[in-house]
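User: I have a model open here and would like to go through it with you. Can you take my questions as they come?

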Number of protein chains: 2
Amino acid sequence: MKHLLAVDWGTSSLRGAWLDADGRVLEERASARGVQSVAPGGFAAVFDEHFGAWARTPDTLCLVSGMAGSQQGWLHAPYCECPAAFDDVACQVRWIGPRRIAIAPGLRCEHDGTPDVMRGEEVQVFGALQLLGMSDALLVLPGTHSKWVRVRAGVVETFATFMTGEFYALLRQHSILARSLPPTDAESDDAAFDEGVAKALRSEGLLHTAFSVRTLALFERMPIASLASYLSGLVIGEELRCRPPGADGSVVLVGNASLTRRYARAFDQCKVVVLCVGPEATWRGLWALARRLEQR
Amino acid sequence: MKHLLAVDWGTSSLRGAWLDADGRVLEERASARGVQSVAPGGFAAVFDEHFGAWARTPDTLCLVSGMAGSQQGWLHAPYCECPAAFDDVACQVRWIGPRRIAIAPGLRCEHDGTPDVMRGEEVQVFGALQLLGMSDALLVLPGTHSKWVRVRAGVVETFATFMTGEFYALLRQHSILARSLPPTDAESDDAAFDEGVAKALRSEGLLHTAFSVRTLALFERMPIASLASYLSGLVIGEELRCRPPGADGSVVLVGNASLTRRYARAFDQCKVVVLCVGPEATWRGLWALARRLEQR
């Protein structure tokens, strides 16, 4: 393989990167053509439209992670069962055509009688660990659906999803609290965010603490412009309050700068040490997976 | 007073009852003209349209509880501060005109640095306790915003709001889980509801457990028609998981039959004994308050 076309095809976005044989990112592209915007049967055309020139370059491997492997995606790549090593993931990629385009599977685990799933984050997990040179960690990938992932000796033992970003959006846009909040988010207010985190960590749960956004506004105890940051602190603090046992040492945070910055502030209140890795974890994970596929 | 016109004017509904001097309900009326549907200055006309004939009957007192006393309501009746006895609430009613129509105040308490409020539920609390002949209880009033109210020696010491009904509606209608659920609720499935409650009680929080609605649907581990009941169990179970210390003996549940039935099932899993009081608590509370006003 002289080049890797690495693609992260999520629910609402499509991102691709063009890498050399050593894993260096030469160029990146992103668009809003997430899986939910593509009609059944339309994936090859969207892929070609975005990445055709790269994909047709000789000696190029194309590797796609994320929701493109779901039942509503390009080609169904069934979940890999946890505990799952990197090799297990490599074993379960599915090929489109003659070994030129591969779709990565997601991960599935079972906890307390219910399954949990991820698609795309597993690539970031392996990429982040490789960038850090680690094989044991608790990783946190914040987002619409945050993932907490326990890795030991390079094996994803188990993980858990928290609907943190989605709960924030629901409360921000559709709940009674939206009436107390300004229509668009003002600049982030760190002090208000920290206050929300602290309140959440002291509390029993978000069902109760969320109502304080309304009462603080009602009695003008917090400036309107700070309430969205406070609510963000309540919701992220709630995620940390629910954190699994063993999260008291350090965690690896994987995500974009604005999210990891917020989470790092919140973890600081829990006295948890944080290592941050940016979105480059995706490209590194896909590159490492491509190398593994070549060796097989 | 020969008659009492008792009115519960909430955010989204308007209910009134016509009572005799002994507190017997002679007739009831309800409509969708909640406070949020009435333009500023329009309250007297809506009141007259619904209850004018009753209100004009000689020797009739009109007593209104709920959001009609809020800043966006008919006449602002400032919150009564907790701890609050029944007499404190009576002291703070506000009169419209020459002592014919009174607006009840709500209650306010302070906990962990943030205020909490109720409007209307305080009347149900006093009414339920009078119907039961009790003066010490932990009361739970389920709803869009559930209230947990601690009363000792007839005094509301403190209370807490849980946005349970609203979280259910947000998840049911606006979240990713809505895609897994049938468009309209099927008949309630008690077994699925109980499973949701049990899961919530074992868990750390709803941010995580809510995602199981999606995965149970994804792997066809629960019939689609049962998922809404399961989600209802998760959300109500979450409220009970967060319950304040001292809720391990018995609680008084105040609300309509379908809601109190669900909560009673959930409390049963916590081994908490439940006494149920229906919506008649509102009329009894307003009647008791009217009697107190006469004695003043």
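User: Which residue is the bridge partner of B:Leu253 in E15(B)?
Analyst: This is a predicted model, and in it the bridge partner of B:Leu253 in E15(B) is B:Cys276. The pair belongs to a run of five bridges that joins strand E14 (residues 250–254) of chain B to E15(B), with the two strands running parallel.

User: What sheet do those strands sit in, and in what order?
Analyst: They are part of an open sheet of six strands in chain B, ordered E6-E13-E12-E11-E14-E15, in which the pairing is mixed. Its edges are strand E6 (84–85) and strand E15 (273–277) of chain B, each of which pairs on one side only.

User: And chain A, what is the strand order of the six-stranded sheet there?
Analyst: In chain A the six strands of an open sheet with mixed pairing follow the order E6-E13-E12-E11-E14-E15. Strand E6 (84–85) and strand E15 (273–277) of chain A each have a single partner strand, so one side of each is left without a neighbour in the sheet. Strand E14 (residues 250–254) of chain A runs parallel to E15(A) and is joined to it by five bridges, and A:Ser250 stands opposite A:Val273 in E15(A).

User: Where is the hairpin of E2(A) and E3(A), and what is in its turn?
Analyst: Strand E2 (residues 14–20) and strand E3 (residues 25–31) of chain A pair in the antiparallel sense over six bridges, and A:Leu14 has A:Ser31 as its bridge partner in E3(A). Four residues lie between the two strands of the hairpin, and A:Gly23 in the turn has a positive phi of about 90°.

User: Stepping back, how many helices and strands does chain A have?
Analyst: Chain A has ten helices and 15 strands. Its radius of gyration is 20 Å, close to the 19 Å that the globule rule gives for 296 residues, so chain A is as compact as a globular protein of that length. Along its principal axes, the C-alpha trace of chain A spans about 65 × 40 × 35 Å.

User: New topic: how much area do chain A and chain B bury between them?
Analyst: The two chains bury about 4,200 Å² between them, and 64% of that is on carbon and sulfur atoms. Of the area that chain A buries against chain B, 18% is supplied by A:Leu207, A:His208 and A:Phe211, which is more than any other three residues give. In terms of contacts, 51 residues of chain A touch 51 residues of chain B.

User: How many residue pairs are in polar contact between the chains, and which elements of chain A touch chain B?
Analyst: The count between chain A and chain B is 20 residue pairs in polar contact, with both residues at pLDDT 80 or more. The elements of chain A that give two or more residues to that side include strand E13 (155–162), helix H5 (190–202) and helix H8 (227–241). By residue class, the side of chain A that touches chain B divides into 22 nonpolar, 14 polar and 15 charged.

Conventions: Residues numbered from 1 in each chain as written. Chains lettered and ligands numbered in written order. Predicted model: local features only at pLDDT ≥ 70, side-chain atom pairs only at ≥ 80, totals over all residues. Heavy atoms only, no water. Contact = heavy atoms within 4.5 Å. Buried area = accessible area lost by both parts, 1.4 Å probe. Polar contact = N/O pair within 3.5 Å; in protein donor to acceptor, adjacent residues only side chain to side chain. Nonpolar A, V, L, I, M, F, W, Y, C, P; charged D, E, K, R; others polar. Pairing = 2+ DSSP bridges. Rg over C-alpha atoms; globule rule 2.2 N^0.38 Å.
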